[in-house]
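Subject: Structure handover

Hello,

Here is the structure I said I would pass on.

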Amino acid sequence: MGSVEMRSTEDKVDLDSDEEIPFSSSHSAIKMQSTDCETSRITSPRHLSHRWVLRKMNHISPLRSIYVVLIKAKINMLLPFGPLAILLHYLTGKQGWVFFFSLVGITPLAERLGYATEQLAFYTGSTVGGLLNATFGNATEMIISMYALKNGMIRVVQQSLLGSVLSNMLLVLGCAFFCGGIVHRQKDQEFNKATALVNSGLLLMAVMGLLFPAVLHFTHTELHSGKSELALSRFSSCIMLVAYASYLFFQLRSHRNLYDIIDSEQDNNAEDSDEAPEINQWEAIGWLAILTLWISILSGYLVDAIEGASDALNLPMAFISVILLPIVGNAAEHASAIMFAMKDKLDITLGVAIGSSTQISMFVIPFCVVVGWFMGQRMDLNFQLFETATLFITVLVVAFMLQEGTSNYFKGLMLILCYLIVAASFFVHVDPSNDDN
């Protein structure tokens with residue numbers, strides 16, 4: 001009788017071990033299935049099918065990479081909208097639908113671009129990974145801006161970049177503060193006030209760079225009418241690029257101790273959640289190239305359809321450029337900022353939201369001015385009085401929210417409501433310079 005019991009026990013152990021062997025062969029495979037399997041030990045037909053697919057794909061790395069990047073995430077359900085937009089462009093020519101489907105199709109690509117960057121950060125380290133995250137997180141805005149600049153749509157470039165800064169500072173940061181405050185409502189969340197003040201100072205410098213060309217234009221005090229404003233914009237852009245390069249040196253070398261807290265939080269967060277890369281380094285680089293190329297293609301159709309969509313949907317160009325385009329471009333930052341805030345990692349949240357705003361205002365905008373200079377386009381820093389005033393007030397509001405070094409759900413709610421006011425303002429705003437450009 002005892003031998004029978006021992007044999008049945010051995011059979012059970014063998015069955016369990018046979019079931020677990022395929023998953024222990026790859027740590028990344030364990031990571032892929034953890035979100036679906038850890039919450040329940042009940043085996044269902046769907047669960048078995050999912051495990052069978054992962055077991056088969058685990059032996060073929062490219063197939064596993066395709067599954068993880070293009071199939072696993074639920075947001076990938078929106079990927080077919082991209083090819084559909086291209087088909088509609090050639091079959092129907094209805095710019096409103098082409099714009100809408102291009103906008104929806106770019107959304108998952110922007111999110112997946114952020115995911116591939118995070119995977120690459122496992123191999124490059126947190127410091128370089130943070131820069132990669134900010135750079136590729138803004139890749140969508142940069143690509144759209146380059147296409148619009150090439151087509152001479154200077155106001156679209158200016159307003160979309162301005163909208164990206166406003167979206168990051170008000171909507172993304174507001175949602176992060178709100179969600180983090182709801183989850184941790186028993187206390188005020190804290191973050192590194194010193195790094196937040198450095199970014200606030202850079203944003204105020206960006207406002208200064210945008211303010212003086214606008215004031216020079218609207219006070220009619222140019223030394224050479226039509227030329228001084230452009231010359232000042234190009235000079236200020238070069239200064240802002242130098243300032244951003246100095247900021248990178250400040251962050252990475254001379255005052256790296258200020259950012260050690262963020263790096264240690266990233267490392268602790270990875271250890272606590274037992275995170276591991278789901279794709280290897282070269283797969284991440286390959287996906288970055290593929291996703292960037294696909295975003296570039298869709299951005300071309302998106303930019304071409306903006307004017308037709310404005311007429312078809314009866315929406316102001318300013319509202320489309322400042323509100324709709326940045327929401328798509330900030331999809332990756334939005335998801336990351338909220339996730340880290342809910343984990344009480346507010347320093348990383350600020351690095352994503354405010355850091356991205358800083359990069360756009362101090363690097364992307366001046367870079368577009370310099371590129372337009374070489375293209376022969378009159379891209380300048382005169383964002384018009386209404387847009388410049390909006391940015392100035394927004395930076396003051398956010399700087400005031402960050403000065404205490406704490407956040408809660410009420411601060412987040414105020415930032416979200418401020419963004420709604422900004423969105424409503426641009427919905428009723430008529431751009432006076434459409435005929436000028």
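Predicted model: local features only at pLDDT ≥ 70, side-chain atom pairs only at ≥ 80, totals over all residues.

The crossing of H11 past H16 is left-handed. On the H11 side the contact is formed by Ser-233, Arg-234, Ser-237, Met-240, Leu-241, Ala-243 and Tyr-244. H16 contributes Thr-358, Gln-359, Ser-361, Met-362, Phe-363, Pro-366, Phe-367, Val-369, Val-370 and Trp-373. Sorted by class, the contact of H11 with H16 has 11 nonpolar residues, five polar ones and one charged one.

The second pair is H13 (residues 281-312) and H14 (residues 317-329), with axes that come within 9 Å and cross at roughly 130 degrees. H13 is therefore oblique to H14. The crossing of H13 and H14 is right-handed. From H13, the residues Leu-302, Ile-306, Glu-307, Ala-309 and Ser-310 meet Met-317, Ile-320 and Leu-325 of H14. The contact of H13 with H14 comprises six nonpolar residues, one polar and one charged.

Cysteines

There are zero disulfides in the structure. Cys-175 is buried, at 15% relative accessibility. Cys-238 has a relative accessible area of 34% and counts as partly exposed.

Positive phi

Two residues other than glycine came up here. His-220 is not a glycine, yet has a positive phi of about 55 degrees. His-220 sits in the loop between H10 (193-218) and H11. With a relative accessible area of 70%, His-220 is exposed.

Gln-384 also has a positive phi, near 75 degrees, and is a residue other than glycine. The loop that holds Gln-384 runs between H16 and H17 (385-402). Is Gln-384 buried or exposed? Gln-384 counts as buried, at 10% relative accessibility.

Contacts across the sequence

His-429 is found in the segment after H18 (409-427). His-429 has a relative accessible area of 12% and is buried. If neighbours within four places in sequence are set aside, His-429 is in contact with Pro-316, Ala-318, Phe-386 and Glu-387.

Asn-408 lies in the loop between strand E2 (406-407) and H18. Which residues does Asn-408 touch, not counting residues up to four places away in sequence? They are Phe-177, Gly-181 and Asp-188. The C-alpha atom of Asn-408 is also 8.3 Å from that of His-184, although the two residues are 224 residues apart along the chain.

That is the end of my notes.

Regards

Methods. Residues numbered from 1 in each chain as written. Heavy atoms only, no water. Left-handed = near helix turned anticlockwise from the far one by under 90°. Helix = DSSP H or I, 4+ residues; strand = E, 2+ residues; numbered from the N terminus. Contact = heavy atoms within 4.5 Å. Nonpolar A, V, L, I, M, F, W, Y, C, P; charged D, E, K, R; others polar. Axes fitted to C-alpha atoms, helices over the stretch in contact; angles between N-to-C directions. Parallel < 35°, antiparallel > 145°, perpendicular 65-115°, else oblique. Disulfide = S-S within 2.5 Å. Buried < 20%, exposed > 50% of the residue type's maximum accessible area, 1.4 Å probe, protein only.
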